[in-house]
Amino acid sequence: MKTLIIYTSQTGFTKRYAQWLAEELRGDLLDLKEAKKKREDYFKDYDAICYGGWAMAGSIVKAKWFLGKAANWKDKRLAMFCVGGSPCDNPDIDVILQKALTDEQKKYIKIFYCQGGFNYANMKAPSRIAMKMFVSALKNKKDATEKEKVMAEMMASSYDISDIKYIEPIVSYLGEKEYEKAV
Ligand SMILES: Cc1cc2nc3c(=O)[nH]c(=O)nc-3n(C[C@H](O)[C@H](O)[C@H](O)COP(=O)(O)O)c2cc1C
């Protein structure tokens, strides 16, 4: 079973999840920038390919490249994971995951969410500015719900709610083919 994990990460959370997955599945790891340079032949021998991107304003960053490729990889086990600053039980997560794939893509790609966090020190200036504006808008919102107030407080500074346990369902899914082959 040959597995490839491709990722895009700005501040490091998605990269760490991708590394955990590659270690656990004894797979290969590629930054999307490197993956884009590879010819189609490079991917041919992989049984499973997984793409991880971080959540930005309700979308998964750079998922488009993977989705374009995945249409020709239907014979492989395919998965995507999204890493965001929201806790898993935030209802917005389901919305992000649902709209990331079309009904057709859902037939051959399984999608997962892993809690990340915020790392302002590693964030590029445009992201930091966007977050500052978002947090201040949320703080000044007159009819903000309790949850929104807590979120605004949380997002005002860096935090880390990531945990290796969130890779478990992805590992089981990507590893399934290995099991099928072994029995
Ligand atoms: C501009 C911007 C928009 C974001 N939008 C979302 C979002 O819609 N939902 C979410 O859960 N997290 C959001 N985040 C948080 C990131 O997804 C989170 O910090 C993630 O862990 C970053 O992953 P990385 O360290 O791999 O770059 C946003 C962050 C930035 C900078």
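Colleague: Into which domains is the protein divided?

Modeller: The protein has domain 1 (3-119 + 160-182) and domain 2 (120-157), with bounds from an automatic or database domain assignment. This is a predicted model, in which local features need pLDDT of at least 70, side-chain atom pairs count only at pLDDT 80 or more, and totals for chains, interfaces and linings use all residues. Residues are numbered from 1 along each chain as its sequence is written.

Colleague: How many residues does the contact take from each domain?

Modeller: Domain 1 gives 6 residues and domain 2 gives 7; two residues are in contact if their C-beta atoms, placed from the backbone, lie within 7 Å. The side of domain 1 that touches domain 2 has 1 nonpolar, 5 polar and no charged residues. Here Ala, Val, Leu, Ile, Met, Phe, Trp, Tyr, Cys and Pro count as nonpolar, Asp, Glu, Lys and Arg as charged, and the others, Gly among them, as polar. The C-alpha centres of the two domains lie 26 Å apart.

Colleague: What about the ligand: which residues are closest?

Modeller: Ser-9, Thr-14, Trp-54, Gly-84 and Gly-116 are the closest of the 24 residues that surround the ligand. A residue is near a molecule if its C-beta atom, placed from the backbone, lies within 6 Å of it.

Colleague: Which domains does that shell draw on?

Modeller: At least three residues come from each of domain 1 and domain 2. By class, the shell has 10 nonpolar, 13 polar and 1 charged residues. Elements that each supply at least two shell residues include α1 (13-24), β5 (77-84) and α7 (125-140).

Colleague: On to secondary structure: how many helices and strands are there?

Modeller: The protein has 9 helices and 8 strands. They are DSSP runs, numbered from the N terminus: helices are H or I of at least four residues, and strands are E of at least two.

Colleague: And the largest nonpolar core, how many residues has it?

Modeller: That core has 36 residues, and Cys-50, Met-80, Phe-81 and Cys-82 have the most contacts inside it. A nonpolar core is a set of buried Ala, Val, Leu, Ile, Met, Phe, Trp, Tyr and Cys residues joined through C-beta atoms within 7 Å. A residue is buried if 20 or more other C-beta atoms, placed from the backbone, lie within 10 Å of its own.

Colleague: What is Phe-81 in contact with?

Modeller: Leaving aside neighbours within four places in sequence, the partners of Phe-81 include Tyr-17, Cys-50, Phe-112 and Ile-170.

Conventions: A residue is buried if 20 or more other C-beta atoms lie within 10 Å of its own, exposed if 12 or fewer, and partly exposed in between; C-beta atoms are placed from the backbone.
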